[in-house]
Amino acid sequence: MGFVLLLQTVQDGRQFMKYIDPHLGVPLPERDYGGNCLIYDPGNESDPFHNIWDKLDGFVPAHFFGWYLKTLMIRDWWMCMIISVMFEFLEYSLEHQLPNFSECWWDHWIMDVILCNGLGIYCGMKTLSWLSLKTYKWQGLWNIPTYKGKMKRIVFQFTPYSWVKFEWKPASSLRRWLAVCGIIFVFLLAELNTFYLKFVLWMPPEHYLVLLRLVFFVNVGGVAMREIYDFMDDPKFHKKLGQQAWLVAAITATEFLIVVKYDPYTLTLSLPFYITQCWILGIILVLTWTAWRFFIRDITLRYKEIRRQKQEHKYEKDKCLSNGDGHSSILDEQNGSKLRERKL
C-alpha cells in the first residue's frame, strides 16, 4: 500500500484512505503534550496533579509494550538505550515541525525514557535471559501424561525452537561499527515515519492501521535483525544480506519518500540555530571517536608494538653479550687477534 500511496497525488492519496476507513481523509487537530509542565499545580485545588493524569493515556502501555518487543528484536541493552535516548533528542529537535513532539521535560525523561521505555527494555532483557537458559522438549502432545503438561506444550508451540544471543560488539571493527550505526539510523527513521505518516495522511494516533503497521514491523523486523546479525557475525557463510532486511529497508525508505512528497514544507522548516549547533557538535564527536578508535588508535598501538619489539630485541642482544657464551666468544676473538699480531 505504501508504494501505491507514493504514486498518488497528495489529495488523491489522502482520499484513498477513505476506501479503508470512511472516517479518514479529513484534517485532524494535533495534540500538544507541552503547555503547562508543572508536576504539582497549586492553582488547581481539586486536582493539583492533573498534568500527570492528562499524560497517562493509552500511549503509556503502548510505549512499554513497544520497547519490550523492540528489545526482543535487538537483544542488546546498550543499543536499546541509545535508540530510546536518541529519539527523545529527535523530539526536542523536531518539535517545531510536529506539535505533538512538544512534551514536558519530565514527560520526555521520566515517563518515556525511565518508566515506559526503561521498564520495557528491562522486562525484555529478563525475557531474553529466560529464553536463553530454557531447554525445550518438543515431544508429541498426546505423549504428555498430564493436562498441565499438555497446556504448556501448546503455549511453547508459539515459542522459538532455539534462541541466539546477539553480541553486536560495535567497537570490535570498523565494519561492525558502521553496521550498528546504520541499524540505529534505520530504527530512528522508522520511528519518525510513524509520526510523520500520521501527520501527512491525517490518521488519528489510535487508529487500527497504526497498530497494524507496528505489528507488521515487529514480525518482519525480528527476522531482519537476525539476518543482519548473521551477515555481520559470519560473513563467510552468509555472503548476502537477507531478503527481510532488504524489505524493511525498502519499506522504511518508501515511507520516508511518502512524507517528503506529501508535505515537503513541514520537512524543510529550518532547525533552530541552537539545535543545529548541538547536532553538528554531536556529529563531530562521533566522527572524531570513529577516527581515533579505528585509525589513530590502531596506528598508535602498532607503533608502540614495534617499539616494544625493538626494545625486547635490544635487551636480548645485550643479555646475550653479557652472559658467559657471548663474553667468552668476544674474548676468544680478541685473544686470537693478539696472537696473530705477535706472530707477525
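**Helix packing and aromatic pairs in a predicted model**

Visitor: What percentage of the 344 residues in the protein is buried?

Guide: Buried means under 20% relative accessible area, exposed means over 50%, and partly exposed lies in between, with a 1.4 Å probe and protein chains only. This is a predicted model, in which local features need pLDDT of at least 70 and side-chain atom pairs count only at pLDDT 80 or more, while totals for chains, interfaces and linings use all residues. Residues are numbered from 1 along each chain as its sequence is written, and side-chain values use heavy atoms, with hydrogens and water left out. Of the 344 residues in the protein, the buried share is 33%.

Visitor: How many helices does the protein have?

Guide: Helices (H or I, at least four residues) and strands (E, at least two) are DSSP runs, numbered from the N terminus. The protein has zero strands, and its elements from the N terminus on read α-α-α-α-α-α-α-α-α-α-α-α-α. The number of helices is 13.

Visitor: What percentage of the contacts with a separation of 6 or more joins residues 24 or more positions apart?

Guide: Contact means heavy atoms within 4.5 Å. Among the contacts in the protein with a separation of 6 or more, the share from residues 24 or more positions apart is 69%.

Visitor: Why are H5 and H8 described as they are, and what is the word for their arrangement?

Guide: Axes are lines fitted to C-alpha atoms, for helices over the stretch in contact, and angles run from 0 to 180 degrees between N-to-C directions. Helix H5 (residues 77–94) packs on helix H8 (residues 174–201) at about 45°, with the axes 10 Å apart. Angles under 35 degrees count as roughly parallel, over 145 as roughly antiparallel, 65 to 115 as roughly perpendicular and the rest as oblique. H5 and H8 are therefore oblique.

Visitor: Is Ser84 buried or exposed?

Guide: Ser84 is found in helix H5. Not counting residues up to four places away in sequence, Ser84 touches Trp67, Val113 and Asn117. Its relative accessible area is 1%, so Ser84 is buried.

Visitor: How many charged residues are in the contact of H9 with H10?

Guide: Helix H9 (residues 208–233) and helix H10 (residues 243–262) pack at about 135°, with axes 7 Å apart, which makes H9 oblique to H10. Among the residues that meet are Arg213, Phe216 and Phe217 in H9 and Gln243, Leu247 and Glu255 in H10. The contact has 10 nonpolar and four polar residues, and its charged residues number three.

Visitor: What is the geometry of the pair of Phe16 and Tyr19?

Guide: Rings of Phe, Tyr and Trp (its six-membered ring) pair if their centres lie within 6.5 Å; planes under 30 degrees apart count as stacked, over 60 as edge-to-face and the rest as tilted. The whole structure holds 12 aromatic pairs. The ring centres of Phe16 and Tyr19 are 6.2 Å apart with planes at 45°, so the pair is tilted.

Visitor: Which residue is buried, with a relative accessible area of 13%?

Guide: Phe216 and Phe217 form an edge-to-face aromatic pair, 6.2 Å centre to centre with 80° between the planes. Phe216 is partly exposed at 37% relative accessibility. The buried residue, at 13%, is Phe217.

Note on methods. Ala, Val, Leu, Ile, Met, Phe, Trp, Tyr, Cys and Pro count as nonpolar, Asp, Glu, Lys and Arg as charged, and the others, Gly among them, as polar.
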